[in-house]
Amino acid sequence: MSEARSEQRGLRVRGLRVSTSAGVPVVDGVDLSVPGGTVLGLVGESGSGKTTVGTALLGGTRRGLEIVGGSVLLEGTDLVTLSETELRGWRGSRVTYVPQDPTTALDPAMRVGNQVREVLDCHDYGSGPHDRARRVSEAFEEVGLPTDDAFTRRYPHQLSGGQQQRVCIAVAFATWPALVVLDEPTTGLDVTTQALVLDTVRRLTRQHGCAALYISHDLAVVSAISDEVAVLYAGSVVEQAATDELVRRPRHPYTSRLVAAVPDLSGDRELKGIPGGAPSPSTRPSGCRFAPRCELVVPECTTELPELRLVADGHHARCIRSADVTPAHVRERRRIDEIDSAPLLSIHGLTARYGRTPVLHGLSLDVPRGTCVALLGESGSGKTTLARTIAGLHTDAEGELHFGGNRLPFGAHQRDRETRASIAYIFQNPYSSLNPRRTVGDSIGRPLRVLRGVRGAELERRVGDMLERVYLSAAYAQRYPDQLSGGERQRVAVARALISEPTLLVCDEITSALDVSVQANLVGLIEKFRQDLGLTLLFVTHDIALVRNVAQQVAVLQEGAIVEDASTEQLFHHPSHDYTKELLKTTPRLVS
Amino acid sequence: MSLGRLVGRRLLVGALILFIVSVLVFTASLFLPGDAARAVLGRTASPDRLAALRSQMHLDDPPLQRYLSWAGDLVTGDLGDSVVSQTPVVELIAQRSVNSLLLMALAALIATPVALLLGTWSALRRDQLADHLTSLATLVLASLPEFVVGIGLLFVFSTGLLRWFPAVVDQTQGVLVQPEVLVLPVATLVLAVSPYITRMMRATMLEVLDSDFVHQARLNGVPERQVLWRHALPNSIGPVAQVVALQLAWLAGGIVLVEFLFDYPGIGEGVVDAVTNRDIPTLQALVMLVAAFYVVVNLLADVVGVLTNPRLRTAGS
């Protein structure tokens with residue numbers, strides 16, 4: 001393909017601005033260019049406006065938002081100027097969209113083959129029905145799905161999550177579009193499926209010579225698929241460069257900190273969060289939006305918004321001190337403490353079931369005192385059931401639990417008060433685990449009141465104390481959960497778990513709803529408590545890179561059985577089980 | 001579970017429900033004041049003749065024996081004789097059932113599509129004037145008892161302002177030769193059942209229109225009309241079918257008042273007559289008929305629910 005043709009097939013976005021109907025800018029002057037046949041990764045944390053940019057490229061916005069300026073140039077046409085009717089001709093045909101969650105984005109009442117066929121029919125693809133039927137088969141083949149009738153006549157619920165997402169990708173590539181927008185398409189998928197999907201997208205983009213915009217919060221995933229990466233912060237692009245260049249030599253402080261916050265599979269980098277939180281559209285500071293959280297800030301930063309300027313060949317950054325930005329801190333390989341302590345928790349031959357369906361099959365595990373043991377597994381592996389059984393929330397089980405040398409009954413209500421106070425649990429979703437009608441102080445104080453009988457001024461003092469220890473101020477006690485960000489809520493959940501001074505803390509996917517910069521802060525907090533208080537941690541997660549940065553011992557769970565149980569050092573250098581090796585191979589690394 | 005097994009299982013459950021209803025109906029009729037013999041012979045009958053008739057009608061047998069003989073006859077299709085007219089109950093209620101079914105079928109055939117369309121239309125005009133007016137109108141209608149609606153219609157279209165339709169049915173002729181008498185009872189029933197269906201359709205439609213697959217269809221450039229017909233509607237019918245069925249089943253009971261009001265010769269009026277005349281065999285037969293109607297309508301709703309939901313339809317295959 002000639003250089004000129006791919007340039008023409010590319011996307012050019014200039015000064016794109018999207019505002020709320022009240023006039024608050026959400027996306028503020030975004031410039032992007034994506035040559036045909038390449039993938040641009042758009043990285044941003046929640047509230048950065050990345051999904052708004054994605055839908056604006058199809059000429060649309062969410063309810064309550066509108067495109068107020070700029071241009072989206074594709075094949076010589078500015079999509080922003082098109083009428084709704086004209087746009088319909090472009091959508092699904094020249095520019096397509098792959099959604100985040102395929103389970104809800106496919107029509108449950110329509111056969112998957114017909115969902116591809118519908119797009120072809122709507123845009124009068126090819127020369128007739130025969131042509132379209134052939135293209136449906138081709139599209140399925142391109143994404144590696146079976147093309148026989150038995151498969152294309154299935155309904156979405158008869159497919160796995162990975163297959164569903166591949167159907168969505170088949171729909172997106174069916175009409176040979178000029179631009180494909182992919183909005184976090186692998187968020188709900190297991191890493192092995194994710195690797196397949198990323199591979200498919202990359203191959204098709206090359207094959208079709210089309211431009212692709214890959215939106216994600218996950219820098220590691222983006223770096224695995226993109227030729228170039230643009231980093232979005234508070235509604236504007238702060239840095240854009242070739243993927244390798246951006247990760248190795250970031251020239252904007254935010255990018256540098258973001259790289260440091262991504263858990264590193266090789267364990268070479270220190271996991272470090274970013275203090276503070278990203279501003280919401282209505283509270284964005286004047287001048288550089290990152291200035292309040294930046295270590296390199298100088299007075300000039302706060303007076304004027306810096307331009308996005310060329311800082312090296314093909315490398316743009318929006319920072320007046322870009323020359324002083326240092327790459328993410330590389331450190332000595334993390335020393336993993338030797339495990340020599342006696343087990344605090346022992347599990348022998350544990351079988352748990354839901355009704356007649358067994359979920360855990362006679363598994364055994366020792367959790368040494370004072371260490372962090374990671375429980376690693378994909379969705380459906382039984383890791384949450386195991387965590388809930390230990391916490392006394394799931395009682396349909398057989399086998400033995402021993403805690404501190406004593407036999408532990410299954411139900412929380414059969415355990416004595418001291419035991420209940422000693423085992424604490426933090427839930428996955430901080431948005432649903434705090435009672436919205438109770439103040440933060442009330443929620444945190446409750447375990448102390450119920451389990452230790454503390455009341456009055458003493459209770460108030462200890463709640464305030466606890467809040468300060470999770471880096472919130474004592475004034476937070478008066479607030480309600482809906483006044484807090486996700487990261488703040490999860491710190492409240494940590495405070496609630498730790499206030500009764502437990503010896504074992506069970507963390508069930510506690511960072512999966514959080515941005516990486518917030519995740520790194522929370523993980524750091526938990527680690528500090530482990531070291532200061534000698535706390536024992538059971539850390540349930542699906543993220544093997546995170547495991548490397550928090551745990552001393554790892555139990556890998558697959559289909560309700562522990563397939564590998566080793567020290568972190570051992571697991572990462574000499575994995576023994578095929579499944580572990582597969583995970584290590586397919587998990588995206590920041591620098592490949 | 002396949003559709004065949006579902007229908008089979010629901011039919012079994014339906015039979016069980018009918019059995020329970022038959023026991024309740026029979027027990028209730030035991031406790032009705034007065035008895036059948038006195039109803040036949042009148043107040044002036046001598047005790048001797050009453051006793052003779054009672055033994056002839058097996059009224060002195062133990063209740064269990066009487067139930068078994070009644071239920072046995074019921075299963076074989078023999079509904080007994082009316083104690084008032086001495087004619088077989090089947091003859092008495094056959095014409096009434098046809099009349100009532102006609103009334104209900106017309107009401108259902110008009111109310112269901114109108115309500116579904118109105119609900120959809122209202123949802124498409126979310127938060128606009130048309131939507132607010134529809135919501136208000138359906139709320140007002142839903143909160144009015146059907147006899148108030150019926151009396152209102154009578155006043156406006158029959159006895160008061162306009163004299164377009166007759167107020168009562170000429171009982172000496174069949175209803176089919178005087179179709180104009182159907183208008184007001186059918187209108188009353190339509191106004192009684194459509195508000196619920198409309199509101200449910202609106203709510204379901206709003207939810208579906210806001211779902212990811214509808215957004216995705218729009219992002220795929222599917223025309224709005226096709227988004228509605230091929231994506232939104234098929235996914236709304238299933239949940240709404242349950243409400244439609246509940247409303248149709250309600251019709252079977254709701255027509256009692258409406259038929260009484262318009263003096264319409266259907267099973268509703270038949271129930272009222274049978275109670276007034278202590279015509280227990282007729283009453284029992286009518287109640288069993290209404291119960292059977294409930295069972296069948298709910299079964300149909302389940303079938304529609306399964307047919308419109310591939311997840312249920314393909315389960316087990």
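Strand 1 (residues 11–20) of chain A is joined to strand 2 of chain A by 7 bridges, and the two run antiparallel. Strands here are DSSP runs of E, at least two residues long, and helices are DSSP runs of H or I, at least four residues long, numbered from the N terminus. Two strands are taken to pair if DSSP finds at least two bridges between them. Within strand 2 of chain A, P25(A) is the bridge partner of S19(A).

Before going on, the conventions. This is a predicted model, in which local features need pLDDT of at least 70 and side-chain atom pairs count only at pLDDT 80 or more, while totals for chains, interfaces and linings use all residues. Residues are numbered from 1 along each chain as its sequence is written, chains are lettered from A and ligands numbered from 1 in the order in which they are written, and side-chain values use heavy atoms, with hydrogens and water left out.

Back to the sheet. In chain A, 4 strands form an open sheet in the order 2-1-4-5, with antiparallel pairing. Its edge strands are strand 2 (25–34) and strand 5 (77–78) of chain A, each of which pairs on one side only. The loop between strand 4 (65–74) and strand 5 of chain A holds E75(A). Phi of E75(A) is near 50 degrees, a positive value in a residue other than glycine. Most residues other than glycine have a negative phi. Is E75(A) buried or exposed, or partly exposed? It counts as partly exposed because its relative accessible area is 28%; buried means under 20%, exposed over 50%, and partly exposed in between, with a 1.4 Å probe and protein chains only.

E509(A) also has a positive phi, near 50 degrees, and is not glycine. E509(A) sits in the loop between strand 19 (504–508) and helix 18 (516–533) of chain A. With a relative accessible area of 9%, E509(A) is buried.

Next, strand 9 (residues 228–233) of chain A, where 5 of the 6 residues are buried. Strand 3 (residues 39–43) of chain A runs parallel to strand 9 of chain A, and 4 bridges join them. Here G41(A) stands opposite V229(A). Strand 9 of chain A is also joined to strand 10 (residues 236–242) of chain A, by 6 bridges in the antiparallel sense, and Y233(A) stands opposite S236(A). The hairpin of strands 9 and 10 of chain A has 2 residues between the strands, and in it A234(A) takes a positive phi near 50 degrees.

Strand 15 (residues 372–376) of chain A is mostly covered, with 5 of its 5 residues buried. In a regular strand the side chains alternate between the two faces of the sheet. In strand 15 of chain A, C372(A), A374(A) and L376(A) point one way, V373(A) and L375(A) point the other way, and all are buried.

Which strands does strand 15 of chain A pair with? One is strand 20 (residues 536–541) of chain A, parallel, over 5 bridges, with F539(A) as the bridge partner of A374(A). Another is strand 21 (residues 553–558) of chain A, also parallel, over 4 bridges. There the bridge partner of V373(A) is Q553(A). Q553(A) is buried, at a relative accessible area of 8%. Q553(A) and T371(A) are 182 residues apart in sequence and 7.7 Å apart in space, C-alpha to C-alpha.

Now the interface. In chain A, 23 residues are in contact with 20 residues of chain B, contact meaning heavy atoms within 4.5 Å. How much area do chain A and chain B bury between them? About 2,000 Å², 54% of it on carbon and sulfur atoms. Buried area is the accessible area (1.4 Å probe) that two parts lose on being put together, summed over both. In chain A, R88(A), E118(A) and H157(A) lose the most area to chain B, together 24% of what that side buries. Between chain A and chain B the count is 0 salt bridges, a salt bridge being a side-chain nitrogen of Lys or Arg within 4 Å of a carboxyl oxygen of Asp or Glu.

Last, the surface of chain B. L136(B), V140(B), L144(B), F147(B), V148(B), I151(B) and L257(B) form a nonpolar patch with about 580 Å² of accessible area together. Patches are made of residues with over 30% relative accessible area and no salt bridge, with like charges joined within 9 Å and nonpolar side chains (Val, Leu, Ile, Met, Phe, Trp, Tyr) within 5 Å. Accessible areas come from the Shrake-Rupley method with a 1.4 Å probe, and for residues only the protein chains shown count as cover. Helix 6 (129–143) and helix 7 (146–159) of chain B each supply at least two residues of the patch. Helix 7 of chain B gives the most, with 3 residues. F147(B) lies in helix 7 of chain B and, at 39% relative accessibility, counts as partly exposed.
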